[in-house]
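Let us go through this model by question and answer. The structure comes up next.

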Amino acid sequence: MNAIAGPAWAARAVDAAGDVVVDLPGDWVVEVGPPTVARPAGWSGVAPAVVVAVEPDVVRGDDLAAAVVGAALARLGDPVVVDVRCPGDDVEIVVAHRHWGVDVTTVERHRCLGPRGRWIVSCSVPDTDLAGWAGAAQRIVASLVVVS
Amino acid sequence: MTRPAYAPGDGVLALDQPHLRALVDRAAGRPVDPGVARALDDAGLLAEGGVDPPVGPIVAALGGAGRRLRLTSRRRGALTVATAAVGRSGAALVVLAPGGGALHVRYLSLGGLARHLARRVGVGRLAEGGGAGPPATAEVAAWGDLVRAFGTRSPSGWAAAWREAELHELRWVAEPGAPARTALVTAVLDGHLVEVGPGDGGRYVVAPADPVGVWARVRRCVSGGPGLCGGPPPPPPGRGAGPGTG
């Protein structure tokens with residue numbers, strides 16, 4: 001599997017028109033969204049990938065945490081919700097699950113943007129690379145910030 | 001002996017130790033007691049020249065030389081032992097439920113096995129409402145004291161203060177017959193995940209666990225082997241995962 005450098009960028013997120021804008025390293029490619037999916041160019045595996053999306057709801061706080069957990073359990077394959085944290089006003093969830101035949105661990109960060117909805121950044125790493133990437137995935141989703 | 005139960009479409013395989021050993025022997029071409037073979041055949045577990053194809057990966061893993069993991073889970077007055085044998089594409093999981101009796105056997109992907117073990121050791125209880133307000137750190141004098149608190153149905157010992165309590169010990173061997181080591185000891189106290197680690201003077205420290213760290217270590221033990229488990233607590237003396245099939 002390819003070796004790539006750790007995250008060294010800060011994203012510029014939702015612009016004035018409400019579109020998602022993400023700055024990534026030059027060798028990453030961004031697939032047409034929504035959701036926007038970014039992955040290292042030439043990456044042979046399913047993950048890691050950064051997925052950026054905006055949901056229209058305005059749920060926040062404990063209700064948001066409960067909704068995020070409920071969605072993970074309902075939508076993912078064989079999920080284990082490893083951790084749920086609420087740093088600041090965000091909700092961060094770590095879920096181990098099966099995705100397209102690959103065992104992965106996904107870190108997701110949710111932030112309520114008020115009337116503009118909810119900003120979501122998600123990073124999945126294959127479990128075979130978990131030792132090197134679990135912490136990096138958490139840093140990735142925490143480093144992508146809303147600037148508008 | 002208990003009659004084997006086999007329903008591959010539903011993922012059901014339950015049988016006792018002699019039948020499981022015979023199944024592994026049959027797959028390896030070794031002679032099997034005719035009476036046991038008849039019971040296996042009646043259950044649909046045998047095919048001409050070997051075992052029913054859906055059972056093939058299970059017996060291959062159980063009869064192979066891959067690493068073993070054994071998770072011993074104690075609730076008050078109840079002991080569950082789950083043994084996994086890692087094969088080429090996945091792992092066979094053999095669960096002996098409280099009270100003995102039948103062994104329940106499944107075949108899982110390595111990731112599926114890791115998630116199964118993680119759930120059992122207490123990862124994921126956050127989703128069930130646990131996790132808030134972790135219990136304070138505690139010290140326990142000896143391994144025997146840790147385990148003794150789960151010997152009866154009544155709350156006792158170091159875990160007496162919690163309404164619901166479980167203790168889980170994950171051990172592994174690199175290959176059948178190799179020395180066993182403890183990779184992880186956790187407890188779940190009223191829904192809170194805690195980890196048991198070595199303290200000073202042979203004591204054990206019970207402290208709130210980092211669930212992401214616990215998950216990563218379980219996953220590494222399943223896929224990586226001994227060198228990757230990293231910093232296991234000292235194993236309780238005189239006990240091993242053993243080379244057996246269950």
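**Contacts within and between the chains**

Reader: Which residues does T80(B) touch, not counting residues up to four places away in sequence?
Author: T80(B) lies in strand 6 (residues 78–86) of chain B. Strands (E, at least two residues) and helices (H or I, at least four residues) are DSSP runs, numbered from the N terminus. Contact means heavy atoms within 4.5 Å. Leaving out residues up to four places away in sequence, T80(B) touches L71(B), T72(B), S73(B), V95(B), L96(B), A97(B), P98(B) and R120(B).

A word on the source: this is a predicted model, where local features need pLDDT of at least 70 and side-chain atom pairs count only at pLDDT 80 or more, while totals for chains, interfaces and linings use all residues. Residues are numbered from 1 along each chain as its sequence is written, chains are lettered from A and ligands numbered from 1 in the order in which they are written, and side-chain values use heavy atoms, with hydrogens and water left out.

Reader: Why does T80(B) count as buried?
Author: Buried means under 20% relative accessible area, exposed over 50%, partly exposed in between (1.4 Å probe, protein chains only). T80(B) counts as buried because its relative accessibility is 14%.

Reader: Which residues are buried in helix 1 of chain B?
Author: This helix spans residues 17–27. Just after helix 1, G29(B) takes a positive phi of about 80°. The buried residues in the helix are H19(B), L20(B), A22(B), L23(B) and V24(B).

Reader: What is the area buried between chain A and chain B?
Author: Buried area is the accessible area (1.4 Å probe) that two parts lose on being put together, summed over both. Here carbon and sulfur atoms give 63% of it. The total is about 1,500 Å².

Reader: What pattern does chain A follow along the sequence?
Author: Chain A has 2 helices and 9 strands. Of its 148 residues, 45% count as buried. The pattern is β-β-β-β-α-β-β-β-β-α-β.
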